[in-house]
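Please examine the sequence and the structure before reading on.

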Amino acid sequence: MSDGSFYRARLCAAAGLAAILLPSPHAPHAEPVEIRHDGGVGAGYTFRRGTTCTVLTAEHVIRDAAGPITVLDRSGAKSVAQPAYANEAYDLALLSLADDTAVACSTAWPDVSALKAARMSSKTQFEAIRHYPDGRETLVLLRYAGGTAQHLQLAPVDKLRIVESDSGSIVMLDDSPAGIVQSVDPAEDRVQVLRFDTIDQLVGDRFRRVDAGGALSFAGVLQGGRRHANWSTYVEAWLLQRAGRSIVPAGDPAARCDLRVEVLDWQRKQGPNPQYATVENQLKMCGKNGWVWEQMCATGRKNASTTPKTVLVHTVMLNVEMTPAGGATLAKLASGDLIPPPGLGTSGAQVELAVLQSAVASVANDLFKAGGCN
């Protein structure tokens, strides 16, 4: 990273030449691509939705791009790409290619349910794909060495190593995408990979939804009068993926409205767990005669030992303002209790993302329906 010992896998064409160049003994994988700009080199992977081809990569791969961004596939076909999404907080980016691009692009967005359910150990092996525009590819074998809900920490299996120009490379688990390469820690010989289920949560709906149309400018999420960078990123993701809106700079004539979100209060407290009410109803069957009641009682007793009676409840108060182009501002003040989905824990970025997106959606959707962005 920025401390020098743990650095971002920054773009460096020379570093990529240090890899061993061998024809892959495997059948070619789907569509890994090379990304070039300003003399730098990174990696990515193409996915198709309808006529649209999109390249998935790490955000720092394109962060300093001042000129054209070029994407090349294994056949040498190339296309100029345009940034379509950039999330610095998660180091994730998307590039869009022209509909008639010659770059290979046929892979559909994957189902991440298997990755979410996967049990990993030091024996779990991954493949990072390094490709070259002359048709060759190298598979760098990696094993599981730990991680978090958002990231995998992987270690090399043999002498082949992930290098700087592998930024954005796809990492596969059992022939399915497991994540993309973000950074390398040479001191510990570890590779940080952004998990694909986290990527799916941020941008997956872009590949599943139908465009709702209607660009808007977004002032961000404010707290105490200041823009909160991470919270703004979470709401931007909801606007792009769930609401189907595109975001343009303030003052852009394409904007149908301006949107501003302010978090006035965010309290966290213990409250009753709605799931435990089901357990209590099952336990009421205990003592009744009959096979059905006995089974419900047994299920209730089993669930009672694993279902908490209370959960952490987030009470969020928001003020959302939507100003149509040339019209009067529509504002809505709302407050409500929200419980994050099970499995996210009680704190951290994933919880904040889920809570804030849910809170904003309930308010912003009402303003959209009221014509605030028509």
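## The open sheet

In this predicted model, strand β14 (residues 217-223) and strand β16 (residues 257-272) run parallel and are joined by 4 bridges. Within this pair, V221 of β14 is placed opposite V261 in β16. Strands of a sheet pair through backbone hydrogen bonds, and the pairing may be parallel or antiparallel.

Both strands belong to an open sheet of 5 strands, whose order is β15-β14-β16-β17-β18 and whose pairing is mixed. Helix α5 (residues 229-242) lies across β14, β15 and β16, and runs at about 140° to β14.

## The barrel

A further 6 strands, in the order β2-β3-β4-β7-β6-β5, close into a barrel with antiparallel pairing. From one strand to the next, the twist averages 40°.

A86 has A93 in β7 as its bridge partner. Helix α4 (residues 196-203) lies across β3 (40-49), β4 (52-57), β6 and β7, at about 60° to β7.

## A nonpolar surface patch

Which residues form a nonpolar patch on the surface? They are W291, V292, W293 and M296, which together have about 420 Å² of accessible area.

One of these residues, V292, is located in helix α7 (residues 291-304). V292 has a relative accessible area of 45% and is therefore classed as partly exposed, since that term covers values between the buried limit of 20% and the exposed limit of 50%.

Technical notes:
Residues are numbered from 1 along each chain as its sequence is written. This is a predicted model: local features need pLDDT of at least 70, side-chain atom pairs count only at pLDDT 80 or more; totals for chains, interfaces and linings use all residues. Side-chain values use heavy atoms; hydrogens and water are left out. Patches are made of residues with over 30% relative accessible area and no salt bridge: like charges are joined within 9 Å, nonpolar side chains (Val, Leu, Ile, Met, Phe, Trp, Tyr) within 5 Å. Accessible areas come from the Shrake-Rupley method with a 1.4 Å probe; for residues, only the protein chains shown count as cover. A salt bridge is a side-chain nitrogen of Lys or Arg within 4 Å of a carboxyl oxygen of Asp or Glu. Helices (H or I, at least four residues) and strands (E, at least two) are DSSP runs, numbered from the N terminus. Buried means under 20% relative accessible area, exposed over 50%, partly exposed in between (1.4 Å probe, protein chains only). Two strands pair if DSSP finds at least two bridges between them. Contact means heavy atoms within 4.5 Å. Axes are lines fitted to C-alpha atoms, for helices over the stretch in contact, and angles run from 0 to 180 degrees between N-to-C directions.
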